[in-house]
Amino acid sequence: SIYNESMTDLEAKAYAVLKKNRVEGKDFVYTRPGGRYKEQFFWDSCFHAMVLRHFEPDIAKKELLTLFRVQEESGFGPHISFHVDPWMARLVWGKRASSGLIQPPIVAEAVWAVYEIDPDKQFLQEIYPKLVSYYHFVLTVRDHDRDHLFSYVHPWESGWDQSIEWEFAFRGRQGLTKQWRTRFWLMTLPYRRLGWDQQQIMKQAHFHVETVDGNALLSINLESLGRIAAVLGKKREAGEWADAAKRVAQ
């Protein structure tokens, strides 16, 4: 344990919860949400890393690297990664080891937060290409109308899940009812029939929502990505990421 007398009681309890829910394997480490969930969730892990950096920065770095263990060639990073029971991904999502949806793109911010506490340049060098691929996916594939704003194609991607905020998107479709869970699962079926081809999903999805909070987070994270590029001596790329952040904000 790294517990010490300077740690407050609340901090100690928070750290204990994170450590209790840690999942470790041969080539992965992550913090599961707890309860019945055993999987790694994308933005949950980003938040976990932001906290763990104060206690175990090496674990925080490994958690963020684990996020990209099942990253696809397109750059797509899933909102759920099934490291322990990949058969569940095939059963529920029809994919090899992940879901077919994304979550708010806050990973660059998390990487930079960890680096600020533990300035490990080797860590940045290892994760930067994965970040580049991921944000390229968000900025291109998920920006179908080329207005510099990315879209969610399912409420679960937003982190708001089944919030009543989504009622506007279902007007004319009986609104959000007590059967929301079934309805939201049914929303994934056309995507599954497309083989989770993200390009085709963007062309055929009836749910296209460019949220203010999601794109504000994207802009902030592109700024963080620019800082990472600058630390690595990639001045041209740093400028390009900073410009992309401004376009999203505008």
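A crossing of two helices is left-handed if the near helix is turned anticlockwise from the far one by less than a right angle. In this predicted model, helix α2 passes helix α5 in such a left-handed crossing.

**Helices α2 and α5**

- Helix α2 spans residues 42-52 and helix α5 spans residues 107-117; their axes come within 9 Å and cross at roughly 15°.
- Angles under 35 degrees count as roughly parallel, and α2 and α5 are therefore roughly parallel to each other.
- On the α2 side, the contact is made by Phe42, Cys46, Ala49 and Met50, while α5 contributes Val107, Glu109, Ala110, Ala113 and Val114.
- By class, the residues of this contact between α2 and α5 divide into eight nonpolar, no polar and one charged.

**Helices α3 and α6**

- The axes of helix α3 (residues 57-66) and helix α6 (residues 121-140) come within 10 Å, with a crossing angle of roughly 20°.
- That angle makes α3 roughly parallel to α6.
- The crossing in which α3 passes α6 is left-handed.
- Lys61, Leu64 and Leu65 of α3 meet Phe123, Glu126, Ile127 and Lys130 of α6 in this contact.
- The contact of α3 with α6 comprises four nonpolar, no polar and three charged residues.

**Helices α9 and α10**

- Helix α9 (residues 212-231) packs with helix α10 (residues 235-249) at an angle of about 170°, and their axes are 8 Å apart.
- Angles over 145 degrees count as roughly antiparallel, and α9 and α10 are therefore roughly antiparallel to each other.
- Helix α9 passes α10 in a left-handed crossing.
- From α9, the contact draws on Asn215, Leu218, Ser219, Leu222, Glu223, Leu225, Gly226, Ala229 and Ala230; from α10, it draws on Glu237, Ala238, Trp241, Ala244, Ala245, Val248 and Ala249.
- The residues of the contact of α9 with α10 fall into 11 nonpolar, three polar and two charged.

**The largest nonpolar core**

- The largest nonpolar core holds 71 residues, of which Leu64, Val107, Val111, Leu131 and Tyr135 touch the most other members.
- Helix α6 supplies the largest share of this core, with nine residues.
- Leu64 also belongs to the contact of α3 with α6, and Val107 to the contact of α2 with α5.
- Apart from residues up to four places away in sequence, Tyr135 touches Pro105, Ile106, Val107, Ala108, Leu218, Asn221, Leu222, Leu225 and Trp241.
- Among these neighbours of Tyr135, Leu218, Leu222 and Leu225 of α9 and Trp241 of α10 also take part in the contact between those two helices.

- With 4% relative accessibility, Ser151 counts as buried.
- Neighbours within four places in sequence aside, Ser151 is in contact with Arg142, Glu157, Met202, His208, Val209 and Glu210.
- His148 is also found in the loop between α6 and α7, and His148 is partly exposed, with a relative accessible area of 37%.
- His148 and Gly239 are 91 residues apart along the chain, and their C-alpha atoms are separated by 17 Å.
- Asp161 is a further residue of the loop between α6 and α7; Asp161 is partly exposed, at a relative accessible area of 31%.

**Thr188 and Trp196**

- Beyond its neighbours within four places in sequence, Thr188 is in contact with Trp93, His154, Trp156 and Trp196.
- The C-alpha atoms of Thr188 and Tyr115 are separated by 36 Å, and the two residues are 73 residues apart along the chain.
- Trp196 lies in the loop between α7 and α8 (198-204) and counts as buried at 5% relative accessibility.

**Positive phi values**

- Most residues other than glycine have a negative phi.
- Asp161, a residue other than glycine, has a positive phi near 50°.
- Trp196, which is not a glycine either, has a positive phi of about 55°.

How values were computed: Residues are numbered from 1 along each chain as its sequence is written. This is a predicted model: local features need pLDDT of at least 70, side-chain atom pairs count only at pLDDT 80 or more; totals for chains, interfaces and linings use all residues. Side-chain values use heavy atoms; hydrogens and water are left out. Axes are lines fitted to C-alpha atoms, for helices over the stretch in contact, and angles run from 0 to 180 degrees between N-to-C directions. Helices (H or I, at least four residues) and strands (E, at least two) are DSSP runs, numbered from the N terminus. Angles under 35 degrees count as roughly parallel, over 145 as roughly antiparallel, 65 to 115 as roughly perpendicular and the rest as oblique. Contact means heavy atoms within 4.5 Å. Ala, Val, Leu, Ile, Met, Phe, Trp, Tyr, Cys and Pro count as nonpolar, Asp, Glu, Lys and Arg as charged, and the others, Gly among them, as polar. Buried means under 20% relative accessible area, exposed over 50%, partly exposed in between (1.4 Å probe, protein chains only). A nonpolar core is a set of buried Ala, Val, Leu, Ile, Met, Phe, Trp, Tyr and Cys residues joined through side-chain atoms within 4.5 Å.
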